[in-house]
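User: I am new to this structure and would like to learn how to read it. Could you take me through it step by step?

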Amino acid sequence: MGQIEFHQVTKRFDNGQEGLKELTASFDTGSMTFLTGHSGAGKSTFLKLLLCLDRPTRGQILVNGVNVTQLSGRRLPYYRQHLGAVFQDHHLLANRSVFENVALPLRVVGLKPRDIARRVRAALTRVGLLSKEGLFPRYLSTGEQQRVGIARAVVTRPKILLADEPTGNLDPELSRDIMDLFRQFHQIGTTVVVASHDRDLIESMGMRIIELSQGSIVSDTPGAAASAVAGAPDTDGGDDGEPDHAR
Amino acid sequence: MRGKAARDPWPRQRAGLLALGRDHRRIVGETGHFVAERLGTSLLVWLLVGIALALPAGLFLLQQNLAAMTGAWEGRPGLSVYFELDAASGAPDALADALTRHGAVADVTVVSADEALAEFRRYTDLADALDMLDDNPLPASLRATLARGAGPEDLDALAALAEEAEGVAEVVVEKTWLERVTDITRVVSRLGAMLAALFGLGAVLITATSVRLAIEARLEELRVLKLVGATDAQIRRPFLYFGLVYGLGGGLVAAMLISIGILVIEGPLTDLLGSYGRELELAGFDFIFLGGLFLLAALLGVGGALVAARQRLGDLEIL
């Protein structure tokens, strides 16, 4: 569970601009993929369509074989409950503690308070912020806020994890940490798709990279470890040592 | 593929009653917090809704009391029949029987000439003057009272019946009084219904506007909630509670305004009624009235919230 297929997906906006043009791509369960390209290339449109925040003009988006572009408004929430999403602007609620921010998706699902506490703490432990659960987001650094956003995205244990420029505001070292975090979820079988314009960083990760330009795929490079198939753990060996040249 | 389960990988998960209860409890807590945080605004909303409700509710109370008072004043219409002095002694009873058989008559009281004289003696100081007369100068009479629900046309029919009867000197119909009362009642109730509709609409608009503001204040949170898969019902729920709180608070203010109003008019009204030899008995301001007021206030509040939620949440852009 966690397979994604785009079939000739076109998104034309009201102003006539095309966000995606006849885009076809597929993502296996448990794979990790980076989407890259200049701003306006279609990365965000891709993720928005996948989250059903918008509907494509033409084409199909199949998730686990179901065309999610046809989901009724009534069923959409239950689909979204199975996705995790992280954004550059992390969308944390300023008037709630870190714990409550991460707990939000679980409250929506209606878990028991005891289970919520257990799973929130597990998610916060994973992103290394358990000690800050009682703080409000404004007392955290940008990197920490981003990690809270990630904890909120994964606390429901989604099969698919999407991220739109998750390292946009971070310095290279923190960015690296965040990307490693995403790789950990990929390693436990989550399908991960990360949009990022930071070429140096994502090339160092050794994963599949799809480059978009003006809504079309211009290149699709498989991961360096040719074993980027479902769930296979990567050999981290080569990537870690070389921080790429700063721009 | 395993049939249906494979076709719908994201089945609707019905939250159990317990989970639903938890959600409601959490929302009630949050609503209280939100209202308390913006106490000034909330008080203003309560006052506005309260005023909007107090006017029609007060008018309703007034109408109730008017009806109760006219009822107690024996304002029920009827007709009085006066007989000739030399009419046959059986004539009044015969007419009384005929009238009683008519469905529109509630009761008939016959006062014979002798009884009239006795009553006259009892209530006046003119007994000595009467003694100087040879004959009884007072005629026999009867009074018929209309049954509840009988209209002016019944009165016409009864009057015709009485006029044709033997020995009848005069028929006095209290018709104008009846018509006036029905007209006034109709005007008051139509006015009340119109005011109630207008001010009810006002209350709905006030809560709708306030709930819209509450939605605007929490837009960021709603976007996140929608993103993580909250259903429309879940997103709407807190705001329905807002509407409920605004409505109930407005109902409370309205109840307070009405009781203040009663206190204010109580003195002058007692004096006015006193001049007619009556005591003030305000009816209708009871638990049923208050319960109805609060129920109506709550419904209007929730209705306003629904309007606002439909307007604002329907096309909520997530990001």
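User: How many residues does the contact take from chain B and from chain A?

Analyst: Keep in mind that this is a predicted model. Two residues are in contact if their C-beta atoms, placed from the backbone, lie within 7 Å. Here chain B contributes 22 residues to the contact and chain A contributes 19 residues.

User: Which elements give two or more residues to the side of chain B that touches chain A?

Analyst: They are helix H2 (17-37) and helix H9 (219-227) of chain B. H9(B) gives the most to that side, with 6 residues. By residue type, the side of chain B that touches chain A divides into 12 nonpolar, 4 polar and 6 charged.

User: Now the sheet. What is the order of the strands in the open sheet of chain A?

Analyst: Two strands pair if DSSP finds at least two bridges between them. In chain A, 6 strands form an open sheet in the order S6-S7-S8-S3-S9-S10, and the pairing is mixed. Strand S6 (83-87) and strand S10 (216-221) of chain A are the edge strands, each pairing on one side only. On average, neighbouring strands of this sheet are turned by 15° against each other, direction ignored.

User: Which helix packs on the sheet?

Analyst: Helix H6 (residues 172-187) of chain A does, touching S3, strand S7 (160-164) and S8 of chain A. The direction of H6 makes about 155° with that of S8(A).

User: How many bridges join strand S3 to strand S8 of chain A?

Analyst: There are 4 bridges between S3 (residues 32-36) and S8 (residues 191-195) of chain A, and the two strands run parallel. A:Thr33 stands opposite A:Val193 in S8(A).

How values were computed
Residues are numbered from 1 along each chain as its sequence is written. Chains are lettered from A and ligands numbered from 1 in the order in which they are written. This is a predicted model: local features need pLDDT of at least 70, side-chain atom pairs count only at pLDDT 80 or more; totals for chains, interfaces and linings use all residues. Axes are lines fitted to C-alpha atoms, for helices over the stretch in contact, and angles run from 0 to 180 degrees between N-to-C directions. Ala, Val, Leu, Ile, Met, Phe, Trp, Tyr, Cys and Pro count as nonpolar, Asp, Glu, Lys and Arg as charged, and the others, Gly among them, as polar.
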